Amino acid sequence: MPFRPLRTFSQSSEPESICSTDSTEPSSPSTGTPRLELRTSRRHFQVVGLISTLSVFVITAGSATLILSWVYAYHDPVAAGGGVIASLRNGTFVIKEPSKPDASLPILGNTNTLRILMFSALASHLVSVISMVLATVLAYRSASQWLRASENSDQPNLTPIQYGLLVQTLGSGSIMSIINSLRYASRTKRASAPRFFKEALVGVTGIYILSHIVGAVDLWLHSCARSVSIVRNIPVSSEALYGMEYDETTCGGFDKSQLPCQKLISTEWDGTHWAYNNESIYLDGFDAVSDANRNVRVEYIDDTAFLVPGPDRNFKSHTFTVKTQGLHVECENLRDRCGKLSVPILEALTPGAFPVTNCSEAGYPLIPYHTTGELMASGRDTRNIESMVMGVIGDEIGGMNRGTADFSSGWTSNPASTVLQFRWINVTALWNSGTPAASYLFILDLYATCNMTYLDVVAQYDSANAKWSIVETALSSPDLASILWTPLIFQFATDDLHNTLRTYVRSKGAATIDMLASSMAKYNMAYASSLMKFTPASNVTTPQPVPLGTYPAVATLLLVGCLYVYSLIALLLFCFACTSNTQIIFVPRELTGTKEHDKETSALEVAQSWLTDPLPFLGSLFPGKDGRNAARSAKSDPLRQVYDSDWELGKVGIGLYRGNKGEKVFGLVRQTSSQSKRHGRFFHALHGDGEMQ
């Protein structure tokens with residue numbers, strides 16, 4: 001059957017409806033009868049489809065902007081090796097991810113959220129929803145072209161099947177409606193389709209493909225994104241008192257007219273003492289020697305002993321740099337440089353056994369230092385040689401009786417010199433042990449000289465490896481060196497050294513001198529620790545696990561690009577619709593519900609509803625009998641274009657009915673409370689009734 005236009009226009013007649021109606025509206029041809037009019041608007045730009053366009057634009061452009069903003073705000077330049085441009089060159093965006101503790105985990109840990117994946121999944125889901133909304137925005141362009149084509153019957157227009165396919169495609173945007181339209185378009189024998197039918201089909205297909213490209217890119221992101229956790233040092237703003245420096249309030253200043261640390265030197269009934277009335281100085285130093293001091297410790301690295309904070313300072317969770325005090329000691333054995341008494345009987349019993357008589361040849365005439373007794377030719381030794389550490393300042397040796405008061409001036413140079421003597425009675429060295437001591441008649445004597453270099457140390461603590469290291473050292477001032485060696489010259493460390501070296505001197509051979517040097521450095525700094533005060537550390541950081549998300553840059557930018565293209569399409573279609581919205585439907589007040597004011601409706605909006613929803617078509621097939629069918633036809637809301645009642649218009653059923661020639665046809669039938677009547681091919685009443693079988 002040849003195509004019959006929905007309505008035709010001529011100079012002598014109004015548009016003719018495709019179907020007859022049962023409307024009870026008056027239809028007088030008199031010019032005084034109120035009727036709808038199609039007018040041209042004076043405005044060149046009228047807003048239409050704003051909510052649909054705005055929803056598409058906000059969702060797509062908003063999601064793309066959110067992803068880009070998140071990448072820019074939380075990009076990690078350290079892991080990426082630079083800024084965002086460096087990430088583009090590397091092909092990966094590295095993002096700092098939010099993290100929080102999760103008590104529900106079987107072990108203590110944090111949960112990390114890959115936010116870009118969340119934004120991507122949200123955008124993909126919303127785009128799949130709004131693709132149908134964008135199709136309705138596209139329908140405004142098709143509606144404007146449809147209106148222009150309907151003004152002239154000579155222009156190509158829609159056939160009934162093309163109209164149905166267009167409503168199905170623009171109204172749903174589903175894959176099945178697109179497939180049906182493509183199947184029709186691929187037919188070799190079909191009616192020619194107007195250009196806007198093809199444009200609408202291409203547009204909806206493009207929207208559908210673009211929405212699924214977004215979904216594919218989202219899947220790409222999910223398959224390639226990774227979560228990694230690295231430990232990074234975070235700056236600490238609070239003050240961290242981990243460094244050490246000399247405190248003049250405890251020991252006094254650098255007054256050369258007095259002895260070093262004069263404030264703690266006192267003369268008692270049994271002689272001159274240091275810190276005699278301040279027992280805590282000795283106890284704190286002894287605890288530091290035995291590594292039991294909770295406030296201060298002595299660390300020994302690279303042959304240098306230096307003071308560090310103790311466990312009570314809670315420093316182990318921080319990485320930092322401190323200035324502190326240290327000591328480097330080098331010792332030399334004096335036995336072979338001193339005079340010896342040759343006793344053949346002793347050498348026969350113990351090869352190499354001989355007592356030391358005097359160390360004048362080595363430059364220390366007072367060594368061995370004793371006050372009573374003598375060394376007899378037979379080898380019998382009655383000298384009261386005691387273990388002690390003595391200082392050397394110029395030609396003076398002191399510390400035997402009154403500590404630094406033995407010197408004419410107790411201020412030494414830096415490095416400082418010391419000479420030591422140790423005696424172990426009823427102790428013998430193991431056979432072939434190579435002991436550095438003079439061994440004879442169950443006596444071991446050790447004589448040595450040590451060079452003491454006091455240092456200003458810059459040390460660093462690495463919390464990740466729980467390890468100290470020395471960054472740099474510099475010579476301390478001689479005045480400070482004189483303060484720091486004072487406890488040593490007052491014999492504070494002598495007993496500790498004596499006990500430490502006992503095992504070494506018997507069996508460790510040459511390692512004894514190395515142990516002497518390290519012990520001298522540790523014990524001297526331990527007993528000087530009470531003279532220090534804590535100072536702020538620098539570059540204080542704390543290691544924290546930093547969760548990072550890595551995303552392929554190409555996939556991320558492709559997703560953002562698709563979303564922006566989506567939003568741009570919506571804006572372009574919106575602008576085109578607003579500029580094409582030039583026709584209005586004039587509704588006289590007599591046809592309105594209130595009958596108070598004339599109304600105007602956008603013809604473009606009404607035509608768009610006819611292309612996206614089947615309800616307007618049904619409303620025209622089932623007009624109401626309330627006399628307001630004309631006003632309803634000018635509504636842009638499809639729900640308001642259809643009259644609804646219980647049995648006034650009957651019900652719409654489906655089944656077999658008797659056709660015009662008596663044949664059985666399957667289709668729609670009108671059901672009333674008593675019988676069913678066929679509505680005909682265009683659903684108007686037949687001359688005869690048909691029954692539903």
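Colleague: Let me start with a charged pair. Which residue forms a salt bridge with D336, and how far apart are the closest N and O atoms?

Modeller: Keep in mind that this is a predicted model. To read a salt bridge, look for a side-chain nitrogen of Lys or Arg within 4 Å of a carboxyl oxygen of Asp or Glu. Here D336 pairs with R335, and their closest N and O atoms are 3.2 Å apart.

Colleague: Is R335 buried or exposed, and what about D336?

Modeller: R335 counts as buried because its relative accessible area is 17%, and the cut-off for buried is under 20%. D336 has 55%, so it is exposed.

Colleague: How many salt bridges does the structure hold?

Modeller: There are 14. One of them joins R294 and D312, with closest N and O atoms 3.3 Å apart. That pair links distant parts of the chain, 18 residues apart: R294 sits in the loop between α9 and β9, D312 in the loop between β10 and β11. Both are partly exposed, R294 at 48% and D312 at 47%.

Colleague: Where in the chain are R423 and D381?

Modeller: R423 and D381 form a salt bridge with closest N and O atoms 2.7 Å apart. R423 belongs to strand β16, while D381 is in the loop between β13 and β14, 42 residues apart. Both residues are buried. They also belong to a network of salt bridges together with R383 and D445.

Colleague: Now the nonpolar side. Which residues of the largest nonpolar core touch the most other members?

Modeller: Among its 68 residues, those are L134, L166, L170, Y551 and Y566. Helix α4 (residues 115–150) gives the most to this core, with 16 residues. Apart from it lies another core of 62 residues, including C261 and Y527.

Colleague: What is L166 in contact with, leaving aside its neighbours within four places in sequence?

Modeller: Its contacts are L158, G171, F196, F197, A200 and L611.

Colleague: And which residues form a nonpolar patch on the surface?

Modeller: F45, V47, L50, I51, L54, F57, V58 and L571 do, with about 750 Å² of accessible area together. Helix α1 (residues 50–74) gives the most, with 5 residues.

Colleague: Why does F57 count as partly exposed?

Modeller: F57, which lies in helix α1, counts as partly exposed because its relative accessible area is 31%. Patch members need over 30%.

Definitions and conventions. Residues numbered from 1 in each chain as written. Predicted model: local features only at pLDDT ≥ 70, side-chain atom pairs only at ≥ 80, totals over all residues. Heavy atoms only, no water. Patch = residues over 30% accessible without salt bridge, like charges linked within 9 Å, V, L, I, M, F, W, Y side chains within 5 Å. Areas by Shrake-Rupley, 256 points an atom, 1.4 Å probe, with all protein chains shown as cover. Helix = DSSP H or I, 4+ residues; strand = E, 2+ residues; numbered from the N terminus. Buried < 20%, exposed > 50% of the residue type's maximum accessible area, 1.4 Å probe, protein only. Core = buried A, V, L, I, M, F, W, Y, C linked by side-chain atoms within 4.5 Å. Contact = heavy atoms within 4.5 Å.
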